[in-house]
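Here's a quick walk through this model, one region at a time. Keep the structure open and follow along.

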Amino acid sequence: MLQVSKAQVPPATLLEIANLTKSFDGAKAVEDVSLHLREGIITTLVGPNGAGKTTLFNLITGHLRPTSGDIRWRGESIVGTAPWKIARLGVARTFQDLRLFSHMTVFENVLTVMEKSAWFWQAEAGSGAERRQRVHEILEITGLQHKVGVRADDLAYAERKFLSMARIMATRAKMWLLDEPASGLDPRSYERFVTLLRSEVRRGITICIIEHNLEIVVSISDRISFLDQGRLLADGEPEEILGNPELSSIYFGERNS
Amino acid sequence: MIAYLVNLATLVCINAVLAVTLNFIMGYAGIFSLAHAVFFGIGAYVAAFIALRWTDSLLLQLPAAMLIAGVISAALALPALRVRGDYFVAASLGFQVLAATVFSEWKSVTGGIGGLVGIPPASIAGHAFTDPLQFLGLAGVTLALVVVLTTAIVHSSFGRSLKAIRDSESAALAFGKNVALIKTLSVFYSTAICAVAGVLYADYLSFINVESFTIDASTLFMAMVIVGGIGTVWGPIVGAVLLTLLPAALTYLPFLPRTEIGSVQQMIYGLAMVMLMIFKPDGLMGAKQREA
């Protein structure tokens, strides 16, 4: 298990969510959630379907605008900032339905993520040769090195999942929001995935991950935040959360709704 | 006979420029515009306006036409930023109809329904392209430049960003792509080069009217792209060649009365499109069929 942050002083907050609420036509998908995502650790969001986990991601990345509350990145509010600007601040994400660039090759999928600028020169991203080198490194790590020229659409399921990870690795973002990246992976792919996550955290990446598989949750989480029906029910060390009988009864669906 | 072939080849080049530029936004930006003929028309009218009043110099007509078409392309870019797919097609159709009305009513500039006549041949640095063969050379060089430039853009970082937006706009945003800017630039490029074709067209025929810039023309350009193969380099050129030569070829069918050519043409277009969608949905130059 990752025990990066067992020190008494918790690591600094990278992203702070304060009293965040999002209503859709009166229905509250996220309700008064306050949460600190701390630097250099893996925070796992757990909770039944419809708990508001993905909505929370969409609010953070600017794909949705909160009804009320604030989101602060390194202390600065990012509410109302365009998604592409938030991405450039260093918040990257994956999607539950992947949203790969389906008609582009594996190589292009990763390369285009490194190319931020809308123009032809890429001032921040180093030389073209450096970028291509980096793409090959990433594809090696994600096990896609033999699929370089294959269209994303033509990949197998697990490969598509890893391409989604390869894309986020190419971002140089400080924080990754991962929406069920391991769901449906076979045991071997799953092991590769966990190894990958751990090495990225060691590199200093902060991760917030939505995950249903308890085995995975246990093996990767430094902190767990438990959401249900849009509200944050609990937030703490894994043992604390997973040992709580009330939470597990909600999680395993013994709720009357 | 030679003159006839030169004429056809020149029109093929002009149509190919139109198809290549339309393919750029259809195939790489996912913007299905039924208003491409509007920018073709703007290029033609601007060229004619300048040629009839001030100068036959291409070096002035081209930048003016490109700039004006590019600016007016905001009318296309703005809806493209808000709606996608079918809704955008409908929006562009509305724009096309509106523009055709302006072309036929704004008599002081466009000459109304009658159009503009006596447009002098284009010239570059005092050399007038009066010889049809020379004009063919001009059109051919233009087409070659447009193909090279467009292909280079498609294979550049900008082209990858465009394709990324086409495949998933929300993912492109999440990876830091300035979607609005990239889409606007792509529409600007497509329409500005489209206007170049318009300039050549006006200078070549020396007569233009609204007939060439209606929804029929826009549909024809879209057909060229789809028949040839959307999102490919050679597809739109093959499509332009086929659909430009088709009417000419039909005139050689001895059993066909000349008065019926128009409607037969329409039937053949329609039939070809349907057959193509059934047997080769990616177009003639499209990727080979994928396994299901």
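## A helix pair in chain B

In this predicted model, the axes of helix 7 (residues 132-154) and helix 10 (residues 179-205) of chain B come within 11 Å, with a crossing angle of roughly 175 degrees. Anything over 145 degrees counts as roughly antiparallel, so helix 7 of chain B and helix 10 of chain B are roughly antiparallel to each other.

Want to see who meets whom? From helix 7 of chain B you get F135(B), A139(B), T142(B) and V146(B), and they meet I193(B), V196(B), L200(B) and Y204(B) of helix 10 of chain B. Sort the residues of this contact by class and you have seven nonpolar, one polar and no charged.

## The sheet in chain A

Over in chain A there's an open sheet of four strands, in the order 2-1-4-5, with antiparallel pairing. Strand 2 (27-38) and strand 5 (76-77) of chain A are the edge strands, so named here for pairing on one side only.

Strand 4 (residues 68-73) of chain A runs antiparallel to strand 5 of chain A, and two bridges join them. Look for W73(A), which stands opposite E76(A) in strand 5 of chain A. Helix 1 (residues 53-60) of chain A packs on the sheet and touches strand 1 (13-24), strand 2 and strand 4 of chain A. The direction of helix 1 of chain A makes about 70 degrees with that of strand 2 of chain A.

## Two domains in chain A

Where they touch, twelve residues of domain 1 of chain A are in contact with eleven residues of domain 2 of chain A. On the domain 1 side, strand 7 (175-179) and helix 6 (187-202) of chain A each supply at least two residues, and helix 6 of chain A has the largest share with three residues. That side holds five nonpolar, three polar and four charged residues.

## Where the chains touch

Between the chains, 24 residues of chain A are in contact with 21 residues of chain B. Helix 2 (83-89) and helix 3 (106-114) of chain A are the elements giving two or more residues to chain A's side. By class, this side has ten nonpolar, seven polar and seven charged residues.

## Confidence

The model scores ipTM 0.88 and pTM 0.87. Chain B has a mean pLDDT of 87, with 98% of its residues at 70 or more. Residues 288-292 of chain B have pLDDT below 50, and this stretch has zero contacts in the model beyond near neighbours in sequence.

Definitions and conventions. Residues numbered from 1 in each chain as written. Chains lettered and ligands numbered in written order. Predicted model: local features only at pLDDT ≥ 70, side-chain atom pairs only at ≥ 80, totals over all residues. Pairing = 2+ DSSP bridges. Contact = placed C-beta atoms within 7 Å. Axes fitted to C-alpha atoms, helices over the stretch in contact; angles between N-to-C directions. Nonpolar A, V, L, I, M, F, W, Y, C, P; charged D, E, K, R; others polar. Parallel < 35°, antiparallel > 145°, perpendicular 65-115°, else oblique. pLDDT = per-residue confidence, 0-100.
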